[in-house]
Amino acid sequence: MVFEIVERPAQRISGSFWEGTFGEAADGAVRRLIAEMQGHHQHLHPGDHAALVGISWNDRPDGFRYLVGYVSDKAETTVHPGFVDLPAMRFVTALHHPDSGDVFAHYQRMFDWIAAEGHAVDTAPLHYREEYDPGFVSLSLSSLRLMVPIG
């Protein structure tokens, strides 16, 4: 497994918020939101194949908040419109492929690598960032970039 450090500039992520339990997410709630955002974006911006971004905050004991959207200078007109303005950030990142196994185990290997390399996780602005390639379907069929913020 290859980990690297990348930087993302300050940017606005615009899209739709979801909040729920880990069980609801496992039952497809986040996957459905991703599909809705992809369809909505293609309707508004035909031919634009930008990467979809997911931002999560694990700030409740039984679940998390998630923003699914695109880098944009304005809020998308969605069912639950929202946005977050992020500062320039550094991340440890790795690609998660369908044959990479459990995504949570992959994140744990990232955390182990971060500690072994002497870096510190910085969850002040967010807990995780994920970047989905255009046409993402599911973890079993598509790849995505996993990202953990570091200080």
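In this predicted model, helix H2 has a buried set made up of Ala 29, Val 30, Leu 33, Ile 34, Met 37, Gln 38 and His 41. An α-helix has 3.6 residues a turn, so residues three or four places apart point the same way. The cover over the buried residues of H2 includes strand E2 (11–21), helix H1 (22–26), strand E3 (52–60), strand E4 (63–71) and E7. The length of H2 can be checked as well: its 16 residues, 29–44, should span 22 Å at 1.5 Å a residue, and the 23 Å between its end C-alpha atoms agrees with that.

In soluble globular proteins, nonpolar side chains tend to be buried together. Here the largest nonpolar core holds 26 residues, and Trp 18 and Met 110 have the most contacts inside it. Two or more residues each come from H2, E4, strand E6 (89–96), H3, E7 and E8. The biggest contribution is from H2, which gives five residues. Trp 18 is in contact with Ala 29, Val 30 and Leu 33, and its other contacts beyond four places in sequence include Phe 64, Arg 65 and Tyr 66. A separate core of 12 residues has Val 53, Trp 57, Leu 67 and Leu 86 among its members.

Trp 57 is also touched by Pro 125, as is Met 89. Pro 125 sits in the loop between helix H3 (103–116) and strand E7 (128–132). Its relative accessibility is 23%, so Pro 125 counts as partly exposed.

Now the charged residues. The whole structure contains seven salt bridges. One of them pairs Arg 145 with Glu 4, with 3.9 Å between the closest N and O atoms. This pair links distant parts of the chain, since Arg 145 is in strand E8 and Glu 4 in strand E1 (residues 4–8), 141 residues apart. Glu 4 is partly exposed, at 40% relative accessible area. The side chain of Arg 145 also makes a polar contact of 3.0 Å with that of Thr 93.

Another salt bridge joins Arg 8 and Glu 131 at 3.0 Å, N to O. Arg 8 belongs to strand E1 and Glu 131 to strand E7, so this pair ties together parts 123 residues apart in sequence. Is Glu 131 buried or exposed? With a relative accessible area of 13%, Glu 131 is buried. Arg 8 and Glu 131 are linked with Arg 129 in a network of salt bridges. Arg 145 is in contact with Arg 8, Arg 129 and Glu 131, among others.

Technical notes: Residues numbered from 1 in each chain as written. Predicted model: local features only at pLDDT ≥ 70, side-chain atom pairs only at ≥ 80, totals over all residues. Heavy atoms only, no water. Polar contact = N/O pair within 3.5 Å; in protein donor to acceptor, adjacent residues only side chain to side chain. Contact = heavy atoms within 4.5 Å. Helix = DSSP H or I, 4+ residues; strand = E, 2+ residues; numbered from the N terminus. Buried < 20%, exposed > 50% of the residue type's maximum accessible area, 1.4 Å probe, protein only. Expected span 1.5 Å × (residues − 1). Core = buried A, V, L, I, M, F, W, Y, C linked by side-chain atoms within 4.5 Å. Salt bridge = Lys/Arg side-chain N within 4 Å of Asp/Glu carboxyl O.
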